[in-house]
Amino acid sequence: MREHPDRETLKKFIGGQLASEDARLIDRHLAACWECRDRADEVSARLALQMLDSWLRPSYDEAFERAVDRAAIHLAVVMEEGRNVEDLVTELLREPASERHRKIADEERFHNVRLSQVLRSRSREAWTVTPSTALELASLAVEVSRYLDPGRHGTCIVEDSRAAAWAYLGNAYRINSDLWRAEQSLSQAWLHHVAAGEDAYTEAELLRFSSSLRNAQGLCEDAVKLSDRAIAIYQEGQDFHLAGVALIQKGAALGYWGHNREAISVIQSGLDQLDPTEDPRLFCTGKHNLIWSLHNGGSSVDAWKALDDNRFFCLEVGHQMDLARFRWLEGQIAVELGLFSKAETLLYETLDFFLNCSCGMEVFLISVDLARMYALTGNYQKVKSSLSEVIPLGEALGLRQEVLKARVLHAQVSRP
């Protein structure tokens with residue numbers, strides 16, 4: 001939703017008086033807008049305090065009154081935590097990186113559920129802008145979650161916060177091409193998720209992150225199955241927007257698996273469930289995946305036209321990482337169309353970008369794309385030198401299938 005909900009709408013949302021579709025829109029808005037979430041917390045606390053006050057009658061004994069007082073104090077603490085959380089983030093990020101984890105460990109005021117949530121949200125925002133920053137923010141979210149007190153917040157809330165924090169850390173490691181640490185972090189997330197009682201929304205997000213990791217590892221069939229489980233959860237909860245997101249992710253996995261015709265159908269189905277005005281960048285990503293599947297399926301001419309049609313939209317809503325991936329895809333299609341000079345320029349531009357971002361997996365894959373292009377033009381010396389440099393990188397990153405393809409290409413051009 002584009003507008004902020006008013007106080008009366010928030011009151012109906014908290015009281016469960018909104019229609020299910022309106023309630024889902026408000027819930028998604030609150031997940032991204034901390035100003036409105038603070039207002040919702042204030043409304044919720046006031047309603048709860050009114051309920052507590054209604055319980056105080058002369059017939060109740062002192063023990064019950066003390067219990068009500070303690071509950072009122074707890075609500076006041078929760079409200080205060082919500083109001084101060086942005087100040088805590090600012091203060092924490094002012095510290096040198098080496099001091100941030102120590103500060104969280106030493107000062108109880110940082111042991112705050114909302115602080116972990118905000119750090120996760122900031123990490124998500126940095127995924128496509130500065131992957132190294134996304135990793136640091138997710139690491140801080142994990143550190144905050146470690147010190148949450150189950151006695152104060154409740155075991156389920158604490159464990160769910162830990163599950164989400166570890167999940168975001170795992171996804172940040174994947175984006176930074178550290179697939180081994182991504183695997184370890186997501187394993188931790190699943191353990192905390194079970195301990196929390198297996199919240200459906202957290203599980204669906206974990207499934208999506210796990211699917212992305214399996215895709216990066218070349219385990220595309222597993223990635224598709226994990227996406228299917230996430231789609232089922234979202235559809236059961238009638239959250240068609242997130243079901244669309246998961247469908248696009250499934251389509252990408254199908255494309256990497258070589259099932260391009262099915263990938264196109266699934267991605268288009270996901271796009272049909274997204275509102276471009278609500279999340280234009282996500283819609284742009286879905287269109288990118290659709291074009292990539294067209295290209296991989298042998299329809300490079302159609303893919304080139306679709307890419308050109310999508311160019312302005314991508315330039316308007318995309319982040320730096322999105323634009324680099326756009327140029328990368330443009331370079332790949334240019335190779336298939338025989339536009340080798342243009343392709344070489346585009347691929348080297350994107351290679352430099354991902355080198356500067358320290359994104360090893362992208363550096364490896366683009367280098368292999370360049371080697372394939374040089375093989376088509378008969379420049380076998382460049383093929384061999386390029387692959388000799390990056391094959392050790394691919395092995396270190398655990399890209400088994402892609403390394404195998406690179407080795408086969410190296411052997412083909414090395415034959416007498």
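Visitor: How many residues does helix 17 have, and what does it reach from its first C-alpha to its last?
Guide: In this predicted model, local features need pLDDT of at least 70 and side-chain atom pairs count only at pLDDT 80 or more, while totals for chains, interfaces and linings use all residues. Residues are numbered from 1 along each chain as its sequence is written, and side-chain values use heavy atoms, with hydrogens and water left out. Helices (DSSP runs of H or I, at least four residues) are numbered from the N terminus, and the expected span of a helix is 1.5 Å times one less than its number of residues. For helix 17 the expected value is 24 Å, and the helix, with 17 residues, comes close to this by reaching 25 Å.

Visitor: Is helix 17 mostly covered or uncovered, and how many of its residues are buried?
Guide: A residue is called buried under 20% relative accessible area, exposed over 50%, and partly exposed in between, with a 1.4 Å probe and protein chains only. By that rule helix 17 is mostly covered, and of its 17 residues the number buried is 13.

Visitor: Which residue just after helix 17 takes a positive phi?
Guide: The phi in question is about 80°, and the residue that takes it just after helix 17 is glycine 338. The loop between helix 17 (320–336) and helix 18 (340–356) is also the place of leucine 339. The residue with the positive phi is glycine 338.

Visitor: Why does leucine 339 count as partly exposed?
Guide: Leucine 339 lies in the loop between helix 17 and helix 18. It counts as partly exposed because its relative accessibility is 36%.

Visitor: Why is the pair of tryptophan 127 and phenylalanine 209 edge-to-face?
Guide: The structure holds seven aromatic pairs, where rings of Phe, Tyr and Trp (its six-membered ring) pair if their centres lie within 6.5 Å, and planes under 30 degrees apart count as stacked, over 60 as edge-to-face and the rest as tilted. The centres of tryptophan 127 and phenylalanine 209 are 5.8 Å apart, and the pair is edge-to-face because the planes stand at 80°. This pair links distant parts of the chain, with tryptophan 127 in the loop between helix 6 (113–126) and helix 7 (131–146) and phenylalanine 209 in helix 11 (residues 200–216), 82 residues apart.

Visitor: Which residues form one aromatic cluster?
Guide: Phenylalanine 209, which counts as buried because its relative accessibility is 5%, also pairs edge-to-face with tyrosine 168, their centres 5.3 Å apart and their planes at 90°. The one aromatic cluster is formed by Trp127, Tyr168 and Phe209.

Terms used: Helix = DSSP H or I, 4+ residues; strand = E, 2+ residues; numbered from the N terminus.
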